Every structure is written in C-alpha cells, then in structure tokens.
Amino acid sequence: MVFDQVRQRRLSDDIVDRLEAMILEGTLTSGQRLPAERALAEQFGVSRPSLREAIQKLVVAKGLLVSRQGGGNFVAESLGSTFSDPLLQLLEHSPEAQRDLLEFRHTLEASCAYYAAQRATEPDRARLKAAFDTLQDCYARVDEVTRAEEGAADARFHLAIAEASHNAVLLHTIRGLFDLLKRNVVTNIGGMYQQRTETRDMLISQHRELYLAIVEGRAEEAREVSSRHILYVQEVLEEAHEEAQRVARAERRSGR
C-alpha cells in the first residue's frame with residue numbers, strides 16, 4: 001500500500017485564508033488600505049516575512065490585493081464594481097433599465113431584509129441604526145438636503161441591511177451595485193416627490209417599518225415591508241411616466 005506524503009502547510013497560506021475571509025465577509029472592502037505590515041503582523045501574531053509572502057500571493061496569483069510602491073497594500077478596486085462606468089451611464093439614462101433595476105431590487109432587498117432580521121448581531125444593529133438615523137436626518141431637513149445627499153443616505157441604509165444579512169453573495173451584489181443604486185434613488189426621488197405629495201411621508205414610514213422589523217427580528221414582516229416599499233416606488237414612477245406621456249401627446253397635438 002502506498003501513501004502520499006503529508007505536506008506541511010505554510011504559515012503564509014493561513015494568512016492568505018484569513019485575508020480572503022475578511023474580503024469575502026466585507027470586513028475589507030474594495031480600495032481599502034491594509035494596515036502597515038508591522039501593525040498587521042502584530043494583529044495576526046505572525047512574522048513580517050510570512051505576512052509579506054501572503055500578500056504577494058494575493059497580489060500576484062489571485063489579484064485580490066494591489067501593492068503600491070511606497071503607498072502600502074490595498075484591496076483591488078475592481079472588486080467593488082459590478083458595472084463599468086460607461087455602462088453605469090447607459091443604465092442611468094435608460095427608463096427600461098431603471099425599471100429592470102427596481103424589479104431586481106424587489107427580489108434582492110427583500111431577501112436581504114429577511115436574513116438581516118434573522119441574523120443581525122449587535123454591531124450590525126448599531127450600524128443599521130446609524131444609517132437609519134442619517135436617513136431620518138435627511139428627511140427632517142426637507143428644505144436643506146440635496147437629492148444627492150438623500151439618495152446616498154437611502155442607498156447606505158439598504159447597504160447596511162445587506163451587511164446584516166451575513167450572506168456574502170447578497171452583500172457583494174449590493175456593494176457592486178452601490179453606485180447604480182445610489183443614482184437610481186436620486187433619479188426616483190425627484191419624479192416621486194413631484195408626482196405625489198404624500199410620497200415623502202410614505203417613504204419615511206416604510207423605512208421606519210423596515211428598520212424596526214429587522215432590529216426586532218421579525219423576518220417575514222421585514223421581507224414583506226421591503227417588498228411593499230419597492231412596489232410602491234414602482235407604482236409611483238409608473239404613474240409619473242404615464243403622466244409624462246400624456247403631457248407629451250397633448251403638446252404634440254397642440255403643435256399640429
């Protein structure tokens with residue numbers, strides 16, 4: 001009987017596994033600078049040569065990190081973008097793509113809310129509260145806040161929910177779509193507020209319901225509220241689109 005030799009695992013492989021896990025769980029995010037080698041080696045309890053070897057593996061073999069001469073080591077920027085900038089521009093200005101994104105959000109964010117309500121830890125709830133408070137502050141400063149500021153706060157709230165879901169695929173999908181999501185919210189806000197006077201109050205109420213359902217662990221209700229929220233946005237935007245079409249037809253007739 002022949003046995004293969006047991007190969008001793010290198011310490012650098014364990015460090016690679018640790019850093020990969022931190023990227024996957026979202027502790028390390030795209031573009032983030034890693035601590036200096038000395039500090040990181042101390043945190044991991046390893047030697048600097050072993051750490052340096054692990055970093056090289058993640059840079060050269062796996063492309064997860066980028067080393068900059070004299071500037072340190074960074075998580076690769078490409079990990080944070082699902083769409084290229086030119087494609088973002090196309091999607092942002094396409095009504096059909098905006099509709100498609102809302103349909104996608106309807107499925108994705110409902111799942112995020114469901115799992116967040118089941119799995120959120122105290123640190124997750126703290127981050128979610130901070131994001132919710134920032135969004136509420138935007139709603140309170142109705143005459144001062146810009147659409148861009150409100151849109152960013154809205155998107156960060158939904159990103160915090162994805163983080164609390166503890167599902168790596170959901171989290172990185174939402175993170176990859178963050179810029180598109182933020183732009184979509186900004187675009188939607190303008191049309192919705194013009195279309196219905198009660199929209200702001202409805203969004204405030206829906207976000208509060210969603211936040212409370214998650215932090216109180218009511219998973220099915222969190223999923224239902226998230227779904228209802230996106231359906232409301234779809235309804236108002238479709239109503240605004242139909243109104244714009246009617247106005248355009250009337251103007252064309254007037255110009256005959």
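Leaving aside neighbours within four places in sequence, Leu19 touches Leu28, Leu34, Phe44 and Leu58. Leu19 sits in helix H1. The model is predicted. The protein chain holds 11 helices and two strands.

**Overall layout**

- Along the sequence, the elements of the protein chain run α-α-α-β-β-α-α-α-α-α-α-α-α.
- The protein chain has 256 residues, and 39% of them are buried.
- Take the contacts in the protein chain between residues at least 6 apart in sequence: 73% of these join residues at least 24 apart.

**Helix H1**

- Helix H1 covers residues 11–24, which is 14 residues. From first C-alpha to last, H1 reaches 20 Å, close to the 20 Å expected at 1.5 Å a residue.
- Ser12, Ile15, Val16, Leu19 and Ile23 are the buried residues of H1. Viewed down the axis of H1, they fall within an arc of 105°, so they line one face of the helix.
- The packing partners of these buried residues are helix H2 (37–44), helix H3 (48–61), strand E1 (65–68), strand E2 (72–75) and H8.
- Leu19 counts as buried because its relative accessibility is 3%, below the 20% cut-off.
- Leu19 and Ile55 are 36 residues apart along the chain, yet their C-alpha atoms are separated by 8.9 Å.
- Gly26 follows H1 and has a positive phi, near 90°.

**Nonpolar cores**

- In soluble globular proteins, nonpolar side chains tend to be buried together.
- The largest nonpolar core contains 45 residues. Leu128, Phe157, Ile161, Met192, Leu210 and Ile214 have the most contacts inside this core.
- Seven helices each supply at least two residues of this core: H5 (95–119), H6 (122–140), H7 (147–164), H8 (168–176), H9 (178–195), H10 (199–215) and H11 (219–254).
- Another core, of 17 residues, lies apart from the largest one. Its members include Ile15, Ala41, Phe44 and Ile55.
- Within the largest core, Leu128 is one of the residues with the most contacts. Setting aside neighbours within four places in sequence, Leu128 is in contact with Phe157, Ala160, Ile161, Tyr211, Ile214 and Val215.

**Aromatic pairs**

- A pair of aromatic rings is described by the distance of the centres and the angle of the planes.
- The count comes to three aromatic pairs.
- The ring centres of Tyr114 and Tyr115 are 5.2 Å apart and the planes meet at 80°, so this pair is edge-to-face.
- Tyr114 is buried, at 16% relative accessibility. Tyr115 is partly exposed, at 27%.
- Phe132 and Phe157 make a tilted pair, with 5.9 Å between centres and 50° between planes. Phe132 is in helix H6 and Phe157 in helix H7, so the pair ties together parts 25 residues apart in sequence.
- Phe132 is buried at 7% relative accessibility. Phe157 is also buried, with a relative accessible area of 0%.
- Phe132, Phe157 and Tyr211 belong to one aromatic cluster. Both Phe157 and Tyr211 are among the contacts of Leu128.

Conventions: Residues are numbered from 1 along each chain as its sequence is written. This is a predicted model: local features need pLDDT of at least 70, side-chain atom pairs count only at pLDDT 80 or more; totals for chains, interfaces and linings use all residues. Side-chain values use heavy atoms; hydrogens and water are left out. A nonpolar core is a set of buried Ala, Val, Leu, Ile, Met, Phe, Trp, Tyr and Cys residues joined through side-chain atoms within 4.5 Å. Buried means under 20% relative accessible area, exposed over 50%, partly exposed in between (1.4 Å probe, protein chains only). Helices (H or I, at least four residues) and strands (E, at least two) are DSSP runs, numbered from the N terminus. Contact means heavy atoms within 4.5 Å. The expected span of a helix is 1.5 Å times one less than its number of residues. The arc is that of the directions from the helix axis to the C-beta atoms. Rings of Phe, Tyr and Trp (its six-membered ring) pair if their centres lie within 6.5 Å; planes under 30 degrees apart count as stacked, over 60 as edge-to-face and the rest as tilted.
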